[in-house]
Amino acid sequence: MAIVAKHLGFMDRHVRKPKPLPGVYSALADLDYFDAPQPKVEYQFTPASGRLKLVAMRVWNPKAGRVELDEIEREILALHKVFKLSRLSFDPWQAEHLSQRLNRQGVYCDPVYFTPANLQSMATVTLDCFRERTLELFDHPELLADLRAMRVTEKAHGYRLEMAEGGTRHGDAAQALALALESSRAIRTESALCGNRQLVYN
């Protein structure tokens with residue numbers, strides 16, 4: 001599971017206090033003989049850059065051949081409380097039941113079917129992020145191993161990202177990142193002024 005934040009711009013509020021009135025004028029203002037100068041409020045808008053930042057990565061390794069869905073659910077809900085995540089992009093083949101449970105608890109789940117078109121789109125956005133240097137990562141050994149082993153493979157219906165030797169067993173970390181980057185396209189920069197800032201994760 002990769003959590004990616006997208007820079008949507010923000011608004012800063014600055015309050016400029018007026019100069020203090022001399023003693024006698026301050027007293028007259030208190031008696032409502034005239035209006036005292038009021039603080040001036042100014043707003044400064046920083047436009048959206050669209051840059052992306054990986055803020056968390058979780059990889060669950062099977063125990064005795066199984067992955068505990070309850071453990072994954074608890075972790076997702078805990079992260080949702082911290083980041084106020086906008087959507088959970090998931091592979092329906094792997095997490096249909098889990099997504100239904102999360103939906104009932106307020107986590108918006110968005111299925112992404114691994115069709116040739118979607119796989120090519122995930123490959124495109126991932127390559128673009130690295131080519132244009134719009135993605136900031138942190139040191140995560142499994143993810144870095146997957147990224148170093150990632151290759152672009154051309155198929156009959158387009159191209160996709162696949163793992164060569166040197167990555168983790170299934171390349172889960174890199175696949176989670178690609179899915180989160182694809183999902184980030186749905187977050188528009190027009191939402192920058194909304195109080196509920198949005199993050200993307202899968």
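## Helix 6 and its two crossing partners

In this predicted model, the axes of helix 4 (residues 116-132) and helix 6 come within 8 Å of each other and cross at roughly 90 degrees. Because angles of 65 to 115 degrees count as roughly perpendicular, helix 4 is therefore described as roughly perpendicular to helix 6. On the helix 4 side, the residues that take part in this contact are Ser 121, Met 122, Val 125, Thr 126 and Cys 129, and they meet Gln 175, Ala 178, Leu 179, Leu 181 and Glu 182 of helix 6. Sorted by class, the contact of helix 4 with helix 6 holds 6 nonpolar, 3 polar and 1 charged residues.

Helix 6, which spans residues 172-184, also packs with helix 5 (residues 141-149), at an angle of about 85 degrees and with the axes 7 Å apart. Helix 5 and helix 6 are therefore roughly perpendicular to each other. Here Glu 142, Leu 143, Asp 146 and Leu 147 in helix 5 meet Asp 172, Ala 173, Ala 174 and Leu 177 in helix 6, and by class this contact of helix 5 with helix 6 has 5 nonpolar, no polar and 3 charged residues.

| Helix pair | Angle | Axis distance |
|---|---|---|
| Helix 4 and helix 6 | roughly 90 degrees | within 8 Å |
| Helix 5 and helix 6 | about 85 degrees | 7 Å |

As for the chain as a whole, the domain assignment of the protein chain gives domain 1 (5-46) and domain 2 (59-186), and the C-alpha centres of domain 1 and domain 2 lie 47 Å apart.

Technical notes:
Residues numbered from 1 in each chain as written. Predicted model: local features only at pLDDT ≥ 70, side-chain atom pairs only at ≥ 80, totals over all residues. Heavy atoms only, no water. Axes fitted to C-alpha atoms, helices over the stretch in contact; angles between N-to-C directions. Helix = DSSP H or I, 4+ residues; strand = E, 2+ residues; numbered from the N terminus. Parallel < 35°, antiparallel > 145°, perpendicular 65-115°, else oblique. Contact = heavy atoms within 4.5 Å. Nonpolar A, V, L, I, M, F, W, Y, C, P; charged D, E, K, R; others polar. Domains from an automatic or database assignment.
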